[in-house]
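Subject: Structure handover

Dear colleague,

Here is the structure we discussed. Please look it over before reading the notes below.

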Amino acid sequence: MVVMETYDTPVQAIEPFIWTFGDGIAVLSSSLLLLLMFSDLPKMTPITPYQLTRTTKRKWLLGQFIYVILVTVLYTVLMLLFTAVLCMKKSYPGNLWSETAAMLGYSELGKNLQVPSTVRVMESISPYGCMLQVFFLLFCYSLTLSFVILVGNLYKGKTKGMIFGLLYSVFGFLLDPKVLAAILHKEKYEMYQVNVLICWISPLNQAVYGKHNLGYDPLLPKISHSYMFFLGILVLLAVFAINRMKKYTFEFLGEKT
């Protein structure tokens, strides 16, 4: 927005979303609100005891999964809409990269402002195609965090899932290449092999669009690899949750049933 106002240049409608969540710290920060939103999982209402007499624990758990997925989708969509609305006075819907993005990508301006607008992104895909991939990567990371909270609450009790979710977030933060380089006191050229390894094993880096090969670096993961990575985590967490339901103790009004 500063560049738009200073140079009086427009942006493509969804570019603010792309550049905002093209950074690991932004992805991490945006997902932290989910710690509060899902702190009370699994959801219990006054009619839950009646529901449990009419269905099985697995079906009830499936309802919790659907609830988490729908809320996470809505949360991600709202972030997309809000970033688009912020710049709508000087935006256009055409599927072409804007002059503002070009200025940020082809000069030192983007680097100085810490906006992750990169030339290789703009040369490899259209704005709307990039938006879809950024959206699904952000959604996948947020969804895995939500499932971590749910499984943590199922195993250790209410509010304990927030601790597991926080640890999941801290793990991704500590494996950020910039953070790790600062901790290890390494130069950028000394961190290449470590950065490649981090991009494969860190959920947070898997969620950042710019951390993928994009046809340039065959050692980095592809977008499809990240989808499979998150799918594997979700399946594993779902299995843990289903197994826990066999011995899960429901509590209503202070009584265990």
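A disulfide is a pair of cysteine sulfur atoms within 2.5 Å. A search of the whole structure finds zero of them.

This is a predicted model, in which local features need pLDDT of at least 70 and side-chain atom pairs count only at pLDDT 80 or more, while totals for chains, interfaces and linings use all residues. Residues are numbered from 1 along each chain as its sequence is written, and side-chain values use heavy atoms, with hydrogens and water left out.

Buried means under 20% relative accessible area, exposed over 50%, and partly exposed in between (1.4 Å probe, protein chains only). Cys87 is buried at 8%, and Cys199 is buried at 5%.

Next, the aromatic rings. Rings of Phe, Tyr and Trp (its six-membered ring) pair if their centres lie within 6.5 Å; planes under 30 degrees apart count as stacked, over 60 as edge-to-face and the rest as tilted. The structure holds seven such pairs. One of them joins Phe135 and Phe136: the centres are 5.7 Å apart and the planes stand at 90°, so the pair is edge-to-face. Phe135 is buried at 12% relative accessibility, whereas Phe136 is partly exposed at 39%. Phe229 and Phe230 also pair edge-to-face, with 5.6 Å centre to centre and 80° between the planes. Here Phe229 is partly exposed at 23% and Phe230 is buried at 0%.

Last, a charge over a ring (NZ of Lys or CZ of Arg within 6 Å of the ring centre and within 35 degrees of the ring normal). The charged end of Arg244 lies over the ring of Tyr155, 5.6 Å from its centre.

Regards
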